[in-house]
Amino acid sequence: MWQKIGMVLVLLVLFSLSTACTFTETAFTRTANNAGSAFAAAEVTLTYAHEGKITYSYAASSVVIFQSELSGTDQTLAAQGAANIHTLQRLLALFSPAIQVIDAPCLSNMCNWRKQREILNRASQAFLQAGSS
Amino acid sequence: MKKQWLSIALGIVTATGGFLDAGTIATAGEAGAKFGLGLIWVILVATIAIILLVEMIGRFTAVSKKTYAEAIREDFGFRFYLLPLSSELIAESLMLAAELGGISIALSLFTGISWHIFFPFVALFIWILAWRAPFDLIENGPALLGLVTLSFLAGIIALGGIPAPLIPTLWHPSFQQGTVAEYLYLSAAIFGSTISPYLLYFYSSGAREEHWSGASLLLNRVTAIVGMGFGSMGSISLVVLAAIVLQPLNISSNTLGELGLVMAKPFGIVGSFLFALVLFATCTGAALEVVLAISYNIAQGFGWEWGENKKPIEAARFNLVMTIFLLIAVVIGLIGIDPLQLALFASTVIALFLPISLSPFLILMNDPEYLGNKTNGRFTNIAMIGILVLAFLVAIISLPLAIITGGG
(Lines give C-alpha, C1' and ligand atoms only; values in the text may rest on other atoms or scores of the structure.)
Protein backbone atom coordinates (compact mmCIF):
# COMPACT_ATOMS: atom_id res chain seq x y z
CA MET A 1 0.00 0.00 0.00
CA TRP A 2 2.61 2.54 1.21
CA GLN A 3 4.98 1.41 -1.52
CA LYS A 4 2.35 2.23 -4.14
CA ILE A 5 1.65 5.67 -2.62
CA GLY A 6 5.40 6.35 -2.50
CA MET A 7 5.72 5.31 -6.12
CA VAL A 8 2.92 7.64 -7.19
CA LEU A 9 4.52 10.52 -5.25
CA VAL A 10 7.92 9.88 -6.84
CA LEU A 11 6.29 9.79 -10.27
CA LEU A 12 4.47 13.04 -9.52
CA VAL A 13 7.69 14.75 -8.45
CA LEU A 14 9.48 13.49 -11.59
CA PHE A 15 6.60 14.67 -13.75
CA SER A 16 6.65 18.10 -12.08
CA LEU A 17 10.39 18.39 -12.59
CA SER A 18 10.16 17.37 -16.23
CA THR A 19 7.38 19.85 -16.95
CA ALA A 20 8.66 22.66 -14.74
CA CYS A 21 10.53 24.32 -17.58
CA THR A 22 7.36 24.76 -19.62
CA PHE A 23 5.28 25.63 -16.55
CA THR A 24 7.37 28.49 -15.22
CA GLU A 25 10.26 30.78 -16.21
CA THR A 26 13.67 30.66 -14.55
CA ALA A 27 14.54 33.54 -12.24
CA PHE A 28 17.03 34.83 -14.81
CA THR A 29 14.58 34.91 -17.73
CA ARG A 30 11.94 36.54 -15.53
CA THR A 31 14.35 39.30 -14.48
CA ALA A 32 15.50 39.79 -18.08
CA ASN A 33 11.91 39.97 -19.31
CA ASN A 34 10.88 42.49 -16.67
CA ALA A 35 13.90 44.68 -17.43
CA GLY A 36 13.22 44.43 -21.18
CA SER A 37 9.62 45.46 -20.61
CA ALA A 38 10.64 48.41 -18.43
CA PHE A 39 13.18 49.62 -21.01
CA ALA A 40 10.56 49.28 -23.77
CA ALA A 41 8.09 51.28 -21.65
CA ALA A 42 10.72 53.96 -21.03
CA GLU A 43 11.41 54.15 -24.77
CA VAL A 44 7.71 54.61 -25.58
CA THR A 45 7.34 57.15 -22.77
CA LEU A 46 10.26 59.19 -24.13
CA THR A 47 8.82 59.01 -27.67
CA TYR A 48 5.31 59.97 -26.56
CA ALA A 49 6.71 62.91 -24.57
CA HIS A 50 8.50 64.30 -27.63
CA GLU A 51 5.53 63.62 -29.91
CA GLY A 52 3.33 65.64 -27.53
CA LYS A 53 1.17 62.66 -26.51
CA ILE A 54 2.09 63.09 -22.84
CA THR A 55 3.52 66.06 -20.95
CA TYR A 56 7.17 66.15 -19.87
CA SER A 57 6.11 66.10 -16.21
CA TYR A 58 3.94 63.02 -16.83
CA ALA A 59 6.92 61.32 -18.48
CA ALA A 60 9.22 62.35 -15.63
CA SER A 61 7.03 60.74 -13.00
CA SER A 62 6.66 57.55 -15.08
CA VAL A 63 10.42 57.33 -15.46
CA VAL A 64 10.86 57.57 -11.67
CA ILE A 65 8.73 54.41 -11.40
CA PHE A 66 10.83 52.62 -14.05
CA GLN A 67 13.94 53.70 -12.18
CA SER A 68 12.85 51.93 -9.00
CA GLU A 69 11.79 48.87 -10.98
CA LEU A 70 15.18 48.63 -12.68
CA SER A 71 17.39 49.54 -9.76
CA GLY A 72 19.73 46.68 -8.84
CA THR A 73 18.74 44.60 -11.88
CA ASP A 74 22.37 44.28 -13.02
CA GLN A 75 23.41 42.82 -9.66
CA THR A 76 20.40 40.50 -9.61
CA LEU A 77 21.19 39.22 -13.11
CA ALA A 78 24.83 38.65 -12.21
CA ALA A 79 23.79 36.75 -9.07
CA GLN A 80 21.22 34.63 -10.90
CA GLY A 81 23.64 33.82 -13.70
CA ALA A 82 22.80 33.07 -17.32
CA ALA A 83 23.24 29.75 -19.11
CA ASN A 84 25.59 31.58 -21.45
CA ILE A 85 28.24 33.91 -19.94
CA HIS A 86 28.43 35.96 -23.17
CA THR A 87 24.70 36.71 -22.93
CA LEU A 88 25.17 37.96 -19.38
CA GLN A 89 28.15 40.14 -20.37
CA ARG A 90 26.22 41.60 -23.31
CA LEU A 91 23.21 42.38 -21.14
CA LEU A 92 25.33 44.04 -18.48
CA ALA A 93 27.11 46.09 -21.15
CA LEU A 94 23.77 47.33 -22.50
CA PHE A 95 22.28 47.87 -19.05
CA SER A 96 24.78 50.49 -17.99
CA PRO A 97 24.05 53.14 -20.70
CA ALA A 98 20.34 52.38 -20.63
CA ILE A 99 20.04 52.96 -16.88
CA GLN A 100 21.94 56.23 -17.34
CA VAL A 101 19.18 57.31 -19.73
CA ILE A 102 16.56 56.31 -17.16
CA ASP A 103 18.43 58.29 -14.48
CA ALA A 104 18.66 61.40 -16.69
CA PRO A 105 16.06 61.22 -19.46
CA CYS A 106 16.03 63.94 -22.11
CA LEU A 107 12.74 65.68 -21.41
CA SER A 108 13.27 68.98 -23.19
CA ASN A 109 14.16 70.21 -26.66
CA MET A 110 17.73 70.93 -25.59
CA CYS A 111 19.09 67.40 -25.74
CA ASN A 112 19.34 64.43 -28.10
CA TRP A 113 16.35 62.28 -27.16
CA ARG A 114 16.59 60.18 -30.34
CA LYS A 115 19.96 58.86 -29.26
CA GLN A 116 18.52 58.00 -25.86
CA ARG A 117 15.62 56.22 -27.53
CA GLU A 118 18.06 54.14 -29.54
CA ILE A 119 19.99 53.13 -26.42
CA LEU A 120 16.74 52.10 -24.70
CA ASN A 121 15.58 50.21 -27.78
CA ARG A 122 18.82 48.22 -28.03
CA ALA A 123 18.66 47.34 -24.34
CA SER A 124 14.99 46.35 -24.41
CA GLN A 125 15.45 44.12 -27.49
CA ALA A 126 18.44 42.34 -25.98
CA PHE A 127 16.77 41.80 -22.59
CA LEU A 128 13.53 40.57 -24.13
CA GLN A 129 15.46 38.19 -26.38
CA ALA A 130 17.39 36.83 -23.40
CA GLY A 131 14.10 36.49 -21.53
CA SER A 132 12.47 34.45 -24.25
CA SER A 133 15.37 32.07 -24.90
CA MET B 1 -40.95 56.71 -6.42
CA LYS B 2 -38.67 59.37 -7.91
CA LYS B 3 -36.55 59.23 -4.77
CA GLN B 4 -36.26 55.45 -5.03
CA TRP B 5 -34.98 55.64 -8.62
CA LEU B 6 -32.53 58.32 -7.61
CA SER B 7 -31.29 55.91 -4.94
CA ILE B 8 -30.98 53.18 -7.55
CA ALA B 9 -28.97 55.47 -9.84
CA LEU B 10 -26.67 56.40 -6.97
CA GLY B 11 -26.38 52.76 -5.94
CA ILE B 12 -25.26 51.80 -9.44
CA VAL B 13 -22.70 54.58 -9.50
CA THR B 14 -21.43 53.48 -6.08
CA ALA B 15 -21.12 49.86 -7.10
CA THR B 16 -19.29 50.86 -10.28
CA GLY B 17 -16.84 52.87 -8.21
CA GLY B 18 -16.49 50.13 -5.61
CA PHE B 19 -15.71 47.44 -8.16
CA LEU B 20 -12.57 49.08 -9.52
CA ASP B 21 -9.54 49.62 -7.34
CA ALA B 22 -5.75 49.33 -7.47
CA GLY B 23 -6.07 45.52 -7.45
CA THR B 24 -8.45 45.29 -10.41
CA ILE B 25 -6.47 47.89 -12.37
CA ALA B 26 -3.20 46.04 -11.70
CA THR B 27 -4.51 42.61 -12.61
CA ALA B 28 -6.52 43.78 -15.64
CA GLY B 29 -3.57 45.73 -17.09
CA GLU B 30 -1.10 42.90 -16.60
CA ALA B 31 -3.57 40.31 -17.91
CA GLY B 32 -4.12 42.21 -21.17
CA ALA B 33 -0.45 43.06 -21.67
CA LYS B 34 0.71 39.46 -21.15
CA PHE B 35 -2.12 37.23 -22.38
CA GLY B 36 -4.23 39.38 -24.69
CA LEU B 37 -7.91 38.68 -24.09
CA GLY B 38 -7.15 35.25 -22.59
CA LEU B 39 -8.11 36.14 -19.01
CA ILE B 40 -11.40 37.92 -19.69
CA TRP B 41 -13.28 34.72 -18.85
CA VAL B 42 -11.89 34.87 -15.30
CA ILE B 43 -13.19 38.44 -14.91
CA LEU B 44 -16.61 37.30 -16.15
CA VAL B 45 -16.76 34.37 -13.71
CA ALA B 46 -15.60 36.61 -10.84
CA THR B 47 -18.17 39.25 -11.82
CA ILE B 48 -21.02 36.74 -11.65
CA ALA B 49 -19.74 35.64 -8.24
CA ILE B 50 -19.52 39.19 -6.85
CA ILE B 51 -23.00 40.06 -8.22
CA LEU B 52 -24.44 37.07 -6.34
CA LEU B 53 -22.50 37.86 -3.16
CA VAL B 54 -23.45 41.56 -3.16
CA GLU B 55 -27.11 40.74 -3.76
CA MET B 56 -27.05 38.24 -0.89
CA ILE B 57 -25.27 40.51 1.60
CA GLY B 58 -27.62 43.40 0.74
CA ARG B 59 -30.70 41.18 1.12
CA PHE B 60 -29.38 39.80 4.42
CA THR B 61 -28.75 43.26 5.90
CA ALA B 62 -31.99 44.81 4.60
CA VAL B 63 -34.17 42.02 5.99
CA SER B 64 -32.34 41.09 9.21
CA LYS B 65 -31.20 44.65 10.06
CA LYS B 66 -27.81 43.15 10.96
CA THR B 67 -24.47 43.62 9.27
CA TYR B 68 -22.38 40.67 8.10
CA ALA B 69 -19.79 41.10 10.87
CA GLU B 70 -22.48 41.31 13.60
CA ALA B 71 -24.15 38.17 12.28
CA ILE B 72 -20.89 36.19 12.11
CA ARG B 73 -20.14 37.03 15.71
CA GLU B 74 -23.69 36.34 16.88
CA ASP B 75 -24.15 33.07 15.01
CA PHE B 76 -20.66 31.55 15.13
CA GLY B 77 -19.30 33.04 18.35
CA PHE B 78 -16.49 35.47 19.09
CA ARG B 79 -13.64 32.98 18.59
CA PHE B 80 -14.76 32.10 15.08
CA TYR B 81 -15.32 35.78 14.26
CA LEU B 82 -11.63 36.41 14.97
CA LEU B 83 -10.68 34.17 12.00
CA PRO B 84 -12.21 36.28 9.19
CA LEU B 85 -11.22 39.41 11.10
CA SER B 86 -7.53 38.44 11.23
CA SER B 87 -7.46 37.44 7.57
CA GLU B 88 -9.13 40.74 6.67
CA LEU B 89 -6.62 42.73 8.72
CA ILE B 90 -3.64 41.14 6.96
CA ALA B 91 -5.00 41.28 3.41
CA GLU B 92 -6.64 44.69 3.59
CA SER B 93 -3.72 46.48 5.24
CA LEU B 94 -1.67 45.50 2.18
CA MET B 95 -4.50 46.56 -0.13
CA LEU B 96 -4.91 49.90 1.66
CA ALA B 97 -1.19 50.62 1.23
CA ALA B 98 -1.59 49.80 -2.48
CA GLU B 99 -4.61 52.13 -2.79
CA LEU B 100 -2.73 54.98 -1.09
CA GLY B 101 0.16 54.32 -3.47
CA GLY B 102 -2.24 54.39 -6.42
CA ILE B 103 -3.57 57.81 -5.41
CA SER B 104 0.02 59.06 -4.92
CA ILE B 105 1.03 57.85 -8.37
CA ALA B 106 -2.04 59.53 -9.91
CA LEU B 107 -1.03 62.84 -8.31
CA SER B 108 2.55 62.26 -9.41
CA LEU B 109 1.42 61.75 -13.03
CA PHE B 110 -0.44 65.08 -12.86
CA THR B 111 2.42 67.05 -11.34
CA GLY B 112 5.68 65.27 -12.18
CA ILE B 113 6.61 65.16 -8.48
CA SER B 114 7.77 61.75 -7.15
CA TRP B 115 4.89 59.67 -5.76
CA HIS B 116 6.88 58.89 -2.59
CA ILE B 117 6.57 62.55 -1.55
CA PHE B 118 2.78 62.46 -1.91
CA PHE B 119 2.30 59.24 0.03
CA PRO B 120 2.02 60.56 3.63
CA PHE B 121 -0.13 63.52 2.53
CA VAL B 122 -2.47 61.17 0.69
CA ALA B 123 -2.85 59.10 3.87
CA LEU B 124 -3.69 62.31 5.75
CA PHE B 125 -6.24 63.26 3.06
CA ILE B 126 -7.96 59.86 3.36
CA TRP B 127 -7.90 60.08 7.16
CA ILE B 128 -9.57 63.52 7.10
CA LEU B 129 -12.24 62.31 4.66
CA ALA B 130 -12.91 59.13 6.64
CA TRP B 131 -12.89 61.06 9.95
CA ARG B 132 -15.13 63.95 9.07
CA ALA B 133 -17.04 63.40 5.80
CA PRO B 134 -20.64 62.15 5.96
CA PHE B 135 -21.41 58.71 4.53
CA ASP B 136 -23.19 60.09 1.43
CA LEU B 137 -20.14 62.08 0.36
CA ILE B 138 -17.79 59.12 0.89
CA GLU B 139 -20.13 56.82 -1.02
CA ASN B 140 -21.02 59.03 -3.96
CA GLY B 141 -18.13 61.50 -4.41
CA PRO B 142 -15.34 59.19 -5.61
CA ALA B 143 -17.88 56.92 -7.29
CA LEU B 144 -19.25 59.73 -9.49
CA LEU B 145 -15.68 60.70 -10.36
CA GLY B 146 -15.02 57.02 -11.08
CA LEU B 147 -17.41 57.14 -14.01
CA VAL B 148 -14.43 58.51 -15.95
CA THR B 149 -13.57 54.80 -16.17
CA LEU B 150 -15.94 54.69 -19.13
CA SER B 151 -13.20 56.54 -21.03
CA PHE B 152 -11.43 53.14 -21.32
CA LEU B 153 -14.31 52.02 -23.51
CA ALA B 154 -14.02 55.23 -25.55
CA GLY B 155 -10.29 54.48 -25.92
CA ILE B 156 -11.02 51.11 -27.53
CA ILE B 157 -13.46 52.74 -29.95
CA ALA B 158 -10.96 55.50 -30.79
CA LEU B 159 -8.35 52.86 -31.60
CA GLY B 160 -10.73 51.29 -34.13
CA GLY B 161 -12.12 48.50 -31.95
CA ILE B 162 -10.58 45.14 -31.14
CA PRO B 163 -8.15 44.08 -33.92
CA ALA B 164 -9.18 40.81 -35.60
CA PRO B 165 -5.96 38.88 -34.75
CA LEU B 166 -6.56 39.57 -31.05
CA ILE B 167 -10.02 37.98 -30.91
CA PRO B 168 -8.87 34.31 -30.95
CA THR B 169 -6.82 35.00 -27.78
CA LEU B 170 -10.19 35.08 -25.98
CA TRP B 171 -10.38 31.29 -26.08
CA HIS B 172 -6.81 30.46 -27.06
CA PRO B 173 -4.34 32.69 -25.18
CA SER B 174 -0.82 32.73 -26.55
CA PHE B 175 1.63 31.35 -24.00
CA GLN B 176 5.30 32.13 -24.24
CA GLN B 177 7.70 29.49 -22.95
CA GLY B 178 7.23 29.11 -19.19
CA THR B 179 4.30 31.45 -18.65
CA VAL B 180 1.61 28.92 -17.65
CA ALA B 181 2.28 29.54 -13.95
CA GLU B 182 1.97 33.28 -14.50
CA TYR B 183 -1.37 32.75 -16.27
CA LEU B 184 -2.68 30.75 -13.33
CA TYR B 185 -1.26 33.24 -10.82
CA LEU B 186 -2.99 36.14 -12.58
CA SER B 187 -6.25 34.15 -12.66
CA ALA B 188 -6.08 33.74 -8.87
CA ALA B 189 -5.19 37.42 -8.40
CA ILE B 190 -8.09 38.56 -10.62
CA PHE B 191 -10.43 36.42 -8.55
CA GLY B 192 -9.04 37.89 -5.31
CA SER B 193 -9.15 41.47 -6.53
CA THR B 194 -12.72 41.21 -7.85
CA ILE B 195 -14.24 39.38 -4.90
CA SER B 196 -12.77 41.67 -2.26
CA PRO B 197 -14.39 40.89 1.11
CA TYR B 198 -13.94 44.55 2.13
CA LEU B 199 -16.57 45.45 -0.47
CA LEU B 200 -19.02 43.07 1.21
CA TYR B 201 -18.38 44.42 4.73
CA PHE B 202 -18.64 47.99 3.42
CA TYR B 203 -21.81 47.29 1.44
CA SER B 204 -23.45 45.58 4.40
CA SER B 205 -22.58 48.46 6.76
CA GLY B 206 -23.62 51.01 4.13
CA ALA B 207 -27.04 49.38 3.93
CA ARG B 208 -27.40 49.88 7.69
CA GLU B 209 -26.11 53.47 7.49
CA GLU B 210 -28.85 54.14 4.92
CA HIS B 211 -31.51 52.28 6.95
CA TRP B 212 -32.37 49.72 4.27
CA SER B 213 -35.43 47.57 4.89
CA GLY B 214 -37.44 44.91 3.09
CA ALA B 215 -38.60 47.67 0.73
CA SER B 216 -34.99 48.15 -0.48
CA LEU B 217 -34.67 44.73 -2.10
CA LEU B 218 -35.26 46.02 -5.63
CA LEU B 219 -32.66 48.74 -5.09
CA ASN B 220 -30.29 46.06 -3.82
CA ARG B 221 -30.80 43.72 -6.77
CA VAL B 222 -30.46 46.43 -9.43
CA THR B 223 -27.38 47.85 -7.70
CA ALA B 224 -25.73 44.43 -7.59
CA ILE B 225 -26.41 43.47 -11.19
CA VAL B 226 -26.05 46.78 -13.05
CA GLY B 227 -23.43 48.35 -10.79
CA MET B 228 -21.10 45.36 -10.74
CA GLY B 229 -21.76 44.82 -14.45
CA PHE B 230 -20.62 48.38 -15.21
CA GLY B 231 -17.56 47.94 -13.00
CA SER B 232 -16.69 44.72 -14.78
CA MET B 233 -17.03 46.49 -18.12
CA GLY B 234 -14.39 49.03 -16.99
CA SER B 235 -12.07 46.22 -15.97
CA ILE B 236 -12.54 44.28 -19.23
CA SER B 237 -12.03 47.48 -21.25
CA LEU B 238 -8.66 47.93 -19.55
CA VAL B 239 -7.68 44.34 -20.43
CA VAL B 240 -8.58 45.04 -24.07
CA LEU B 241 -6.71 48.37 -24.13
CA ALA B 242 -3.60 46.79 -22.62
CA ALA B 243 -3.80 43.98 -25.17
CA ILE B 244 -4.12 46.44 -28.08
CA VAL B 245 -1.52 48.97 -26.96
CA LEU B 246 1.02 47.27 -24.68
CA GLN B 247 1.29 43.69 -25.91
CA PRO B 248 2.64 44.58 -29.40
CA LEU B 249 5.23 46.83 -27.74
CA ASN B 250 6.40 43.96 -25.45
CA ILE B 251 5.46 46.02 -22.40
CA SER B 252 4.17 43.68 -19.70
CA SER B 253 2.63 46.34 -17.46
CA ASN B 254 4.66 45.66 -14.33
CA THR B 255 4.15 49.23 -13.08
CA LEU B 256 1.40 51.83 -13.17
CA GLY B 257 3.72 54.07 -15.23
CA GLU B 258 3.62 51.50 -18.04
CA LEU B 259 -0.16 51.13 -17.79
CA GLY B 260 -0.71 54.88 -18.20
CA LEU B 261 0.45 54.62 -21.82
CA VAL B 262 -2.74 52.80 -22.86
CA MET B 263 -4.80 56.00 -22.82
CA ALA B 264 -2.06 58.23 -24.24
CA LYS B 265 -2.10 56.35 -27.54
CA PRO B 266 -5.75 57.08 -28.46
CA PHE B 267 -6.21 60.48 -26.77
CA GLY B 268 -2.71 61.97 -26.26
CA ILE B 269 -2.23 64.28 -23.27
CA VAL B 270 -5.96 64.31 -22.44
CA GLY B 271 -5.94 60.51 -22.41
CA SER B 272 -2.92 60.29 -20.13
CA PHE B 273 -4.60 62.63 -17.63
CA LEU B 274 -7.86 60.69 -17.94
CA PHE B 275 -5.94 57.58 -16.87
CA ALA B 276 -4.47 59.49 -13.91
CA LEU B 277 -7.98 60.71 -12.99
CA VAL B 278 -9.39 57.16 -13.16
CA LEU B 279 -6.54 55.99 -10.94
CA PHE B 280 -7.14 58.83 -8.47
CA ALA B 281 -10.92 58.33 -8.32
CA THR B 282 -10.98 54.54 -8.07
CA CYS B 283 -8.14 54.33 -5.56
CA THR B 284 -9.64 57.13 -3.40
CA GLY B 285 -13.01 55.36 -3.38
CA ALA B 286 -11.41 52.02 -2.61
CA ALA B 287 -9.08 53.43 0.10
CA LEU B 288 -12.09 54.95 1.89
CA GLU B 289 -14.05 51.72 1.53
CA VAL B 290 -11.16 49.57 2.82
CA VAL B 291 -10.43 51.75 5.85
CA LEU B 292 -14.11 52.03 6.75
CA ALA B 293 -14.79 48.33 6.11
CA ILE B 294 -12.13 47.35 8.64
CA SER B 295 -13.35 49.91 11.20
CA TYR B 296 -16.96 48.75 10.73
CA ASN B 297 -15.90 45.13 11.00
CA ILE B 298 -13.99 45.58 14.28
CA ALA B 299 -16.54 47.93 15.88
CA GLN B 300 -19.47 45.68 14.97
CA GLY B 301 -17.67 42.51 16.05
CA PHE B 302 -16.67 43.97 19.41
CA GLY B 303 -20.06 45.62 19.95
CA TRP B 304 -18.79 49.22 19.94
CA GLU B 305 -20.63 52.31 18.73
CA TRP B 306 -20.08 52.80 15.01
CA GLY B 307 -21.33 54.96 12.17
CA GLU B 308 -19.89 57.43 9.72
CA ASN B 309 -22.78 59.83 10.32
CA LYS B 310 -22.00 59.98 14.03
CA LYS B 311 -19.62 62.57 15.47
CA PRO B 312 -16.15 61.10 16.19
CA ILE B 313 -16.72 61.55 19.95
CA GLU B 314 -19.89 59.43 19.74
CA ALA B 315 -18.04 56.54 18.08
CA ALA B 316 -14.56 57.11 19.46
CA ARG B 317 -13.21 53.54 19.23
CA PHE B 318 -14.56 53.15 15.67
CA ASN B 319 -12.60 56.26 14.67
CA LEU B 320 -9.52 55.18 16.61
CA VAL B 321 -9.40 51.87 14.70
CA MET B 322 -9.59 53.84 11.45
CA THR B 323 -6.61 55.96 12.48
CA ILE B 324 -4.49 53.01 13.61
CA PHE B 325 -5.27 51.02 10.47
CA LEU B 326 -4.25 53.95 8.25
CA LEU B 327 -0.99 54.29 10.17
CA ILE B 328 -0.23 50.59 9.58
CA ALA B 329 -0.84 51.06 5.85
CA VAL B 330 1.45 54.10 5.82
CA VAL B 331 4.25 52.07 7.40
CA ILE B 332 3.79 49.32 4.76
CA GLY B 333 3.67 51.90 1.96
CA LEU B 334 6.79 53.70 3.15
CA ILE B 335 8.82 50.55 2.44
CA GLY B 336 8.60 51.82 -1.15
CA ILE B 337 7.23 48.77 -3.03
CA ASP B 338 5.58 49.74 -6.33
CA PRO B 339 1.82 50.05 -5.63
CA LEU B 340 0.92 47.89 -8.62
CA GLN B 341 3.09 45.03 -7.38
CA LEU B 342 1.73 45.53 -3.87
CA ALA B 343 -1.85 45.44 -5.21
CA LEU B 344 -1.09 42.20 -7.08
CA PHE B 345 0.35 40.65 -3.93
CA ALA B 346 -2.57 41.91 -1.81
CA SER B 347 -5.01 40.36 -4.31
CA THR B 348 -3.20 37.04 -3.93
CA VAL B 349 -3.38 37.26 -0.13
CA ILE B 350 -7.10 38.07 -0.39
CA ALA B 351 -7.55 35.02 -2.64
CA LEU B 352 -5.72 32.93 -0.03
CA PHE B 353 -8.12 33.97 2.75
CA LEU B 354 -11.28 34.09 0.63
CA PRO B 355 -12.81 30.82 1.91
CA ILE B 356 -12.57 32.06 5.50
CA SER B 357 -14.44 35.26 4.66
CA LEU B 358 -17.08 33.60 2.50
CA SER B 359 -17.86 30.33 4.31
CA PRO B 360 -20.27 31.85 6.90
CA PHE B 361 -22.39 33.14 4.00
CA LEU B 362 -23.83 29.75 3.16
CA ILE B 363 -25.16 29.17 6.68
CA LEU B 364 -26.37 32.71 7.38
CA MET B 365 -28.21 32.96 4.06
CA ASN B 366 -30.24 29.87 4.90
CA ASP B 367 -31.21 30.90 8.42
CA PRO B 368 -34.93 31.85 8.60
CA GLU B 369 -34.34 33.49 11.98
CA TYR B 370 -32.48 36.24 10.15
CA LEU B 371 -34.15 36.20 6.76
CA GLY B 372 -37.70 34.93 7.30
CA ASN B 373 -39.01 33.89 3.89
CA LYS B 374 -36.14 35.64 2.07
CA THR B 375 -33.60 32.85 2.55
CA ASN B 376 -31.57 31.55 -0.40
CA GLY B 377 -33.37 29.46 -3.01
CA ARG B 378 -31.95 26.32 -4.61
CA PHE B 379 -30.24 28.23 -7.45
CA THR B 380 -28.49 30.73 -5.14
CA ASN B 381 -27.38 27.90 -2.84
CA ILE B 382 -25.89 25.91 -5.73
CA ALA B 383 -24.20 29.10 -6.99
CA MET B 384 -22.87 29.82 -3.48
CA ILE B 385 -21.43 26.32 -3.18
CA GLY B 386 -19.83 26.79 -6.62
CA ILE B 387 -18.28 30.09 -5.48
CA LEU B 388 -16.94 28.45 -2.30
CA VAL B 389 -15.42 25.53 -4.22
CA LEU B 390 -13.77 28.03 -6.58
CA ALA B 391 -12.57 30.11 -3.62
CA PHE B 392 -10.99 27.01 -2.02
CA LEU B 393 -9.25 26.06 -5.27
CA VAL B 394 -7.95 29.59 -5.75
CA ALA B 395 -6.77 29.71 -2.12
CA ILE B 396 -4.84 26.45 -2.50
CA ILE B 397 -2.98 27.52 -5.65
CA SER B 398 -2.50 31.24 -4.99
CA LEU B 399 0.46 31.19 -2.59
CA PRO B 400 2.56 28.48 -4.35
CA LEU B 401 2.00 30.29 -7.64
CA ALA B 402 3.01 33.63 -6.13
CA ILE B 403 6.28 32.01 -4.99
CA ILE B 404 6.93 30.19 -8.29
CA THR B 405 6.30 33.27 -10.45
CA GLY B 406 7.99 35.75 -8.11
CA GLY B 407 4.70 37.62 -7.77
CA GLY B 408 3.77 37.81 -11.43
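Tutor: In chain B, helix 9 (residues 180–194) packs against helix 15 (residues 339–364) at an angle of about 80°, and their axes are 7 Å apart; helices here are DSSP runs of H or I with at least four residues, numbered from the N terminus, while axes are lines fitted to C-alpha atoms over the stretch in contact, with angles from 0 to 180 degrees between N-to-C directions. Helix 9 of chain B is therefore roughly perpendicular to helix 15 of chain B, a term that covers 65 to 115 degrees. This is a predicted model, in which local features need pLDDT of at least 70, side-chain atom pairs count only at pLDDT 80 or more, and totals for chains, interfaces and linings use all residues. Residues are numbered from 1 along each chain as its sequence is written, and chains are lettered from A and ligands numbered from 1 in the order in which they are written.

From helix 9 of chain B, the residues B:Ala188, B:Ala189, B:Phe191, B:Gly192 and B:Ser193 meet B:Leu344, B:Ser347, B:Thr348, B:Ile350, B:Ala351 and B:Leu354 of helix 15 of chain B, where contact means that C-beta atoms, placed from the backbone, lie within 7 Å. Sorted by type, the residues of this contact between helix 9 and helix 15 of chain B are seven nonpolar, four polar and no charged; Ala, Val, Leu, Ile, Met, Phe, Trp, Tyr, Cys and Pro count as nonpolar, Asp, Glu, Lys and Arg as charged, and the others, Gly among them, as polar.

Technical notes: Helix = DSSP H or I, 4+ residues; strand = E, 2+ residues; numbered from the N terminus. Parallel < 35°, antiparallel > 145°, perpendicular 65-115°, else oblique. Contact = placed C-beta atoms within 7 Å.
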